[in-house]
Amino acid sequence: MKRYNYSDLTKTDIQNLVQRNVDPANEIRAIVEEIIGHVKDHGDSALLDYALKFDKVDLDKLYLDKDELTAIASTVLPEQKAALETAYNNIHKFHSVQLKAEDKIETMPGVTCWREARPIEKVGLYIPGGSAVLPSTFLMLGIPARIAGCHEIVVCSPPQKNGKVNAFIAYVALLLGIDKIYLAGGAQAIAAMAYGTETIAKVDKIFGPGNQFVTKAKTIIQSTTTTAIDMPAGPSEVLIIADETANPVYVAADLLAQAEHGMDSQSILVCTSGKIADEVLVEVEKQVPVLPRAEIVKIALENSYIVITTTLDEAMQFSNQYAPEHLILATAPDSYRDYELQTTNILNAGSVFLGNLTPESAGDYASGTNHTLPTSSYSRAYSGVSVDSFVKKITFQHITLEGIENIGPTVEILAELEGLHAHKNAVSLRMKK
């Protein structure tokens with residue numbers, strides 16, 4: 001991992017450091033646009049072509065039904081079912097409190113305003129299945145979709161070499177009450193849900209993380225179709241802030257946990273001394289060789305780095321500029337309440353993990369928070385997935401006779417000063433009557 005001293009970095013240096021997953025030559029865009037166009041024009045035929053080309057499987061059909069999912073899920077062991085069910089329960093518990101009715105507000109006598117949530121009718125969930133199969137992502141997306149009350153949930157996941165999906169994904173489908181999974185991955189799956197094919201329905205909004213091709217496809221379809229997206233959620237990343245109280249064994253493990261997601265993942269350590277950096281790197285060297293995905297980890301670490309600061313305040317300044325998907329504070333306090341002074345300075349982050357006993361892995365799987373989060377600095381403007389992501393908030397207002405008399409003159413004056421006389425007349429006629 002490359003090493004930098006924060007005090008030596010110029011503003012331009014920092015801007016270059018925090019930039020990631022860019023496509024300056026539009027090479028990825030060109031490939032993705034071709035895929036989207038092919039799916040738009042040829043539908044199911046294009047998806048079958050891409051399954052053969054990218055997934056190396058010749059599919060007879062593009063979906064698995066409930067009976068097939070049940071058969072596949074039957075191979076899941078009892079302890080594995082129990083772990084998935086514990087994760088399901090924790091995620092459901094955290095998200096179930098997010099759907100709340102709001103109070104009606106009387107903004108002035110006779111004028112009442114309020115908001116009501118309505119589920120997005122058709123949503124598409126993209127569940128990655130490339131170098132790692134992620135049933136946890138299925139839980140993270142399916143549970144809030146169910147809580148929100150979405151009427152139709154379309155699920156796409158890449159087929160495995162046997163033309164099916166992983167048994168854990170099949171079991172999660174049963175937990176969620178989802179009867180069909182479509183066998184499509186990558187940018188082609190995003191295109192299918194955005195435009196619709198003979199088999200896959202067009203949806204109103206697409207959710208889910210993916211590689212740079214999936215993320216690029218989501219950003220393109222958002223600007224060229226009527227289908228919305230949750231956020232740009234691309235290659236995964238973590239930033240760890242560590243001081244002298246950090247445990248280098250844990251810090252190294254957390255860096256590697258993120259790096260094993262994929263070759264384009266990024267693990268950043270921001271620490272308050274070179275001694276901490278040295279201790280962590282020694283642990284990294286010890287832990288990498290025993291990892292089954294060691295080769296992926298090594299490539300990801302080549303794209304990662306360490307920044308050495310003199311204070312925690314400097315470390316937080318860099319973190320806010322990086323705007324990480326995951327932020328770990330490997331610092332002293334034992335209680336989450338003791339972190340309040342530090343957390344108030346966090347401006348940009350997808351999800352935050354406090355203390356040496358709070359690994360990012362817990363949030364990835366089972367603490368209850370959602371792991372579908374904004375990457376590539378998008379936490380500056382986006383939040384992670386929640387129940388709110390699956391609903392729309394519709395505003396309502398009701399005006400009584402007293403209300404029109406109170407608000408009418410104000411509306412007349414404002415409409416007139418904007419030169420919109422029909423607007424003024426719509427109020428004036430009511431006031432005369």
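The model is predicted: local features need pLDDT of at least 70, side-chain atom pairs count only at pLDDT 80 or more, and totals for chains, interfaces and linings use all residues. Residues are numbered from 1 along each chain as its sequence is written, and side-chain values use heavy atoms, with hydrogens and water left out.

**Stop 1**

Strands here are DSSP runs of E, at least two residues long, and helices are runs of H or I, at least four, numbered from the N terminus. The 3 strands make an open sheet, ordered β3-β4-β15, with antiparallel pairing. One place to look is Ala117, whose bridge partner in β15 is Lys393.

Now show α16 (residues 401-417), which packs on the sheet and touches β3, β4 and β15.

**Stop 2: β6 and its neighbours**

Strand β5 (residues 122-126) runs parallel to β6 and is joined to it by 5 bridges. Lys122 is opposite Glu152 of β6. β6 also pairs in the parallel sense with β7 (residues 181-183), over 2 bridges, and Ser157 has Leu183 in β7 as its bridge partner.

**Stop 3: cysteines**

The structure holds 0 disulfides, a disulfide being a pair of cysteine sulfur atoms within 2.5 Å. For Cys150, the nearest cysteine sulfur is that of Cys156, 16 Å away. Cys150 is buried, at 6% relative accessible area. Cys113 is partly exposed, at 23%.

**Stop 4: Ser304**

Finish at Ser304, in the loop between α12 (294-302) and β12 (305-308). Ser304 is buried, with a relative accessible area of 1%. Its side chain reaches the backbone nitrogen of Ser267 at 2.9 Å. Apart from neighbours within four places in sequence, Ser304 is in contact (heavy atoms within 4.5 Å) with residues including Met1, Lys2 and Ser267.

Notes. Buried < 20%, exposed > 50% of the residue type's maximum accessible area, 1.4 Å probe, protein only. Polar contact = N/O pair within 3.5 Å; in protein donor to acceptor, adjacent residues only side chain to side chain. Pairing = 2+ DSSP bridges. Axes fitted to C-alpha atoms, helices over the stretch in contact; angles between N-to-C directions.
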